[in-house]
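User: Hi! Could you walk me through this one? I'd like to go chain by chain and then see who touches whom.

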Amino acid sequence: MADTIISVSGLTKQFGAFVAVDHISFDVYRGEIFGFLGANGAGKTTAMRMLCGLSYPTAGTGTVAGFDIRSQGELIKRNIGYMSQRFSLYDDLTVKENIELYGGIYGMAHKELSERVDELLQRLQFIEHKDDLVSSLPLGWKQKLAFMVATVHSPEIVFLDEPTGGVDPITRRQFWDLIKATAAEGTTIFVTTHYMDEAEFCDRISMMVDGKIRALDSPSNLRQQFNAQNMEQVFYRLAREAQRTE
Amino acid sequence: MSTVLPILIKKELTQFRRNKALPRLLVMLPIMLVLIMPLVTQMDVKNISVVWLDQDRSSLSMRMKSHLANSDYFMMQPFAGDYEMALHQLDMGNTDLIVSVPPHFERDLQGGHANSILLVANAVNATKGAQGLQYATQTIASAIIELAQERGLETDTVSLITIENRYNPTGNYRYYMLPALMIILLLLTCCFLPLLNIMTEKEHGTIEQINVTPVGRLEFMLAKLIPYWIIALVLLGFAMLLAWAVYGLVPDGRAGVIFLAAFLFSLCMSGFAVTLANISDTMQQAIFVMFFFVMMFMLMSGLLTPIDSMPRWAQTVTYVFPPRYVINVLRSVYLKGTLLRELWFDITMLAILAVAFNTLATITYKKQN
Amino acid sequence: MNAFISFVKKECIHILRDVRTMMIVLLIPVILTLLFGFAISTEINDISVAVVVNKYTPDVRRDISALEQNPYISYSGIIEEHDIDAVLRSGKCAAVVMFGRDGKRNVVLDASNSSLSASAGSYITAILNNDKPMPLPIATYMRHNPQLKSAYNFVPGIIGLIFILICALMTCVSVVREKEMGTMETLLVSPIRPVLVVLAKMVPYLCISLVNLATILLLSHYVLEMPIHGNLPTLLGLCVLYILLSLTLGLLVSTLAQTQMVALLICAMVMMMPMMMLSGMLFPLENLPPVLKQITYVIPARWFNEAIRKVMVEGMGITGIWKEFSILLAMTIALFAASIKKFNDRLE
């Protein structure tokens, strides 16, 4: 099959006695949209933070974009974009200033950056709001902006942690159009969500329950395997086994 | 390195500019410290209230009384009663000092075997008690000596000691406190601003977005700190101008030495603030601990009370307090015109502490945990 | 009332879970009390003195040995006359005594600290005069604090500062934090009255403060040897009143500030600095300019310091401090009313 861009084996994270992520192994291929599903507290965010070089694994190995997640975190960071669950751009900077800041951080040349900023603003129809303070934007827009910031430097992989949390259905739809367009350009998308309808948009999905990966395949194969009408049912079958509550 | 740093600094400056409270506060702070605080920081005790008990009623005792009454320090309190009643007044806190002249003091003094004049001070406030006694003793002594000289008497009690005050001949305590207030200004800015800045980023999660980028630890720290170094030096310059305009105080030595020390001091304190921010979980924690240190720095570095009067062990502790060095430099240069080469020890210590604190800051900042 | 208790419980759990903050809040007052009780003082007990000698005479030798033997002087040797300025300027010595050929003695002082140098001057003069045949017939006597311990002055001041720090700062930062994080909204929509929500936040800090009060009083009495001449209930009553006052102050600030940063800055600028500078803890209040003197009347720590000194050192009872006590009580009530009003206004 296509070449592997993320490869993880036996990845574990323990906080004291609590095993947040329990020996998970999987591969993600270049250019696919990889859905990382699970209930709240299943360990999705913790796993993702390890892949992004924000957190050291307790055990296990993995590579992201060809770099080791334990020792080459800083090299990984050159090649990825990350959008956190919680909106984490600067409220007191304008839309344009935020994009330019992150473009600059990734070392984009001035000319290249201003072209890219224009292109992104255009794509999101943000042009007339480019000088608005981020604090004045509605949540849906903030999320789109956060996505743009995560992709400003055209990274190989983008990690999205519940990007559509708390967003209305229309904006969610638009958001997924953005994701698909980005994937079509060859960027690998690694996305966590607990909206099961969104799972259908993914090329492949993994289901996490209590820190372990319980299923991993394309949405259609999973439906077949669990004899379900939709992903919702797949999820219920798996989640019923869960011990952990939040 | 060279390309990212200006971008990050620009971001910090933009955020600073957009902040509603901060820039205003930073203008208010030096004004408050330089204009108002010098009025407060006076050690001289005045208006010591005195109960005068005179059992002698001689020309000498009258002279003593008028000397006391004419002094700025004392306020003669109308009182009729005996010593016991006076003591009761003292205990109630209604008076600060009792002067009791024994009967036939003047006569006995000439005979060479006088009973002592009794001075009793309420020393609950140690400073006030001690100074009150000291001034009163001096005043009474001068009255005795004056009388003796007028009468052409040979007095063994008088000896020829002259006192020469250098560097601050008018004895203006404000001149001594102004450099300390400038240091307090630097201390508050460099300790609290970077701490608040980083803790805000931590609590809002914005620091995590930075942590997933390839920005180096050093660059990130520098970008946080450089704006505050600049702000601190600008504020110092502003405070120095105010001190000149309002109190006519100008450095006797080179202003360059002051700025060198102040810059090293800003490095120390901001490095310290970043370290504390890195190891704190919440803003509340960070703030509380910082208050603790700022109080220690203010009260134990010779800013407000002399280091020499602290016990040995406490003096040893202060060797790691950057304010102790910078205050010495500022006071020496301001008042005594001390030269850079005479201050090498303080400057070197500041430099060492600056390196130490900033190394700590960079080590404790973890992008991955 | 049940709802209130469950809120208090929630706040206590918050604080108990956060072991690190707990430790900090309980330990720091202890360290501060000890450090300041032992370390800070305004008395002068180590004046470094050098001498310049032009001609040795028995008188000069006697004077030098008097300086050497005095416990408050650290004698740093004989220097040349042209070095006087350098020695003083570099801060190696605070004073130089010059013995002239004609028997005249001249004391050259580094007067940059005018207060210190005045004392040093008269101290040295006293030493040099001491061995004269007939000293002046003046006897001095210090009442209440014969060893002139600065601790008598500082401990009450420190207690005042610590409670402001814990009660006011900690409470208001923790309230504002909930505002900033948005969790306050959740609490405010609950059926319990909003004011009670905030009051519940204050209860655990009140408990912590009481623990701190106990440790500080024990430390200052047994370790710093602060006397407690007055009766204990009066002292405790006074302290508890002051703690309540500080909590109310924190409550008021928390209704004003929107972010933790602003809350902190208000606490630092409007509370800490004036408390240190204008409460009479470090600097005497007598000779303040009239305008500033007026300001000190609204500073709670000023009244607290005065009252606690009266109770602890001078042994006065409640009758001796009724004025300070009622002023503090009035302040507490006024601040409480103001913050409740402000709090309700904000909701509408």
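This is a predicted model: local features need pLDDT of at least 70, side-chain atom pairs count only at pLDDT 80 or more; totals for chains, interfaces and linings use all residues.

User: Good to know. What share of chain C counts as buried?
Analyst: Chain C has 348 residues, and 45% of them count as buried.

User: And what part of its contacts comes from residues 24 or more positions apart?
Analyst: Taking the contacts in chain C with a separation of 6 or more, 77% are between residues 24 or more positions apart.

User: How is chain C divided into domains?
Analyst: There are domain 1, made of 2-40 + 148-347, and domain 2, which covers 47-129. The C-alpha centres of domain 1 and domain 2 of chain C are 47 Å apart.

User: I'm looking at helices H8 and H9 of chain C. At what angle do they pack?
Analyst: Helix H8 (residues 194-223) and helix H9 (residues 232-256) of chain C pack at about 145 degrees, and their axes are 10 Å apart. The crossing of H8(C) past H9(C) is right-handed.

User: Which residues make that contact?
Analyst: H8(C) contributes Val198(C), Met202(C), Tyr205(C), Leu206(C), Ser209(C) and Leu213(C), while H9(C) brings Cys239(C), Ile243(C), Leu247(C) and Leu251(C). By class, the residues of this contact of H8(C) with H9(C) are 9 nonpolar, 1 polar and no charged.

User: Nice. Switching to chain B: why is strand E3 of chain B largely enclosed?
Analyst: Strand E3 (residues 97-101) of chain B has 5 of its 5 residues buried, so it is largely enclosed by the rest of the structure.

User: What does E3(B) pair with?
Analyst: Strand E1 (residues 48-54) of chain B pairs with E3(B) in the parallel sense, over 5 bridges. There, Val50(B) stands opposite Leu97(B). E3(B) is also joined by 4 bridges to strand E4 (residues 117-122) of chain B, and these two run antiparallel. In that pairing, Ile98(B) has Val120(B) as its bridge partner.

User: Now chain A. What's the strand order in the sheet with 4 strands?
Analyst: That open sheet runs E2-E1-E4-E5 in chain A, with antiparallel pairing. Its edge strands are E2 (18-29) and E5 (67-68), each pairing on one side only.

User: How many bridges hold E1 and E4 of chain A together?
Analyst: Strand E1 (residues 4-15) and strand E4 (residues 59-64) of chain A form an antiparallel pair over 5 bridges. Thr12(A) stands opposite Ala59(A) in E4(A). Helix H1 (residues 44-51) of chain A lies across E1, E2 and E4, at about 120 degrees to E1(A).

User: And the sheet of 6 strands, what's the order there?
Analyst: It is an open sheet in chain A with the order E6-E7-E8-E3-E9-E10 and mixed pairing. The edges are E6 (80-83) and E10 (212-217) of chain A. On average, neighbouring strands of this sheet are turned by 15 degrees against each other, direction ignored.

User: How do E6(A) and E7 run?
Analyst: Parallel, with 4 bridges joining E6(A) to strand E7 (residues 157-161) of chain A. Gly81(A) has Val158(A) in E7(A) as its bridge partner.

User: Where does helix H6 of chain A lie?
Analyst: Helix H6 (residues 169-184) lies across E3 (33-38), E7 and E8 (188-193) of chain A, running at about 155 degrees to E8(A). Helix H9 (residues 231-239) of chain A packs on the sheet too, touching E3, E9 (204-209) and E10, and its direction makes about 30 degrees with that of E9(A).

User: Last topic, the chains together. Which chains share the most contacts?
Analyst: Chains B and C do, out of 2 pairs of chains in contact. Chains A and C have no contact, and their closest C-alpha atoms are 12 Å apart.

User: How many residues are in the contact of B with A?
Analyst: It takes 19 residues from chain B and 24 residues from chain A. On the side of chain B that touches chain A, helix H1 (4-18) and helix H8 (206-211) of chain B each supply at least two residues. H1(B) has the largest share of that side, with 6 residues. The classes on that side of chain B are 5 nonpolar, 11 polar and 3 charged residues.

Technical notes. Residues are numbered from 1 along each chain as its sequence is written. Chains are lettered from A and ligands numbered from 1 in the order in which they are written. Axes are lines fitted to C-alpha atoms, for helices over the stretch in contact, and angles run from 0 to 180 degrees between N-to-C directions. A crossing is left-handed if the near helix is turned anticlockwise from the far one by less than a right angle, and right-handed if clockwise. Two residues are in contact if their C-beta atoms, placed from the backbone, lie within 7 Å. Ala, Val, Leu, Ile, Met, Phe, Trp, Tyr, Cys and Pro count as nonpolar, Asp, Glu, Lys and Arg as charged, and the others, Gly among them, as polar. Two strands pair if DSSP finds at least two bridges between them. A residue is buried if 20 or more other C-beta atoms lie within 10 Å of its own, exposed if 12 or fewer, and partly exposed in between; C-beta atoms are placed from the backbone. Domain bounds come from an automatic or database domain assignment.
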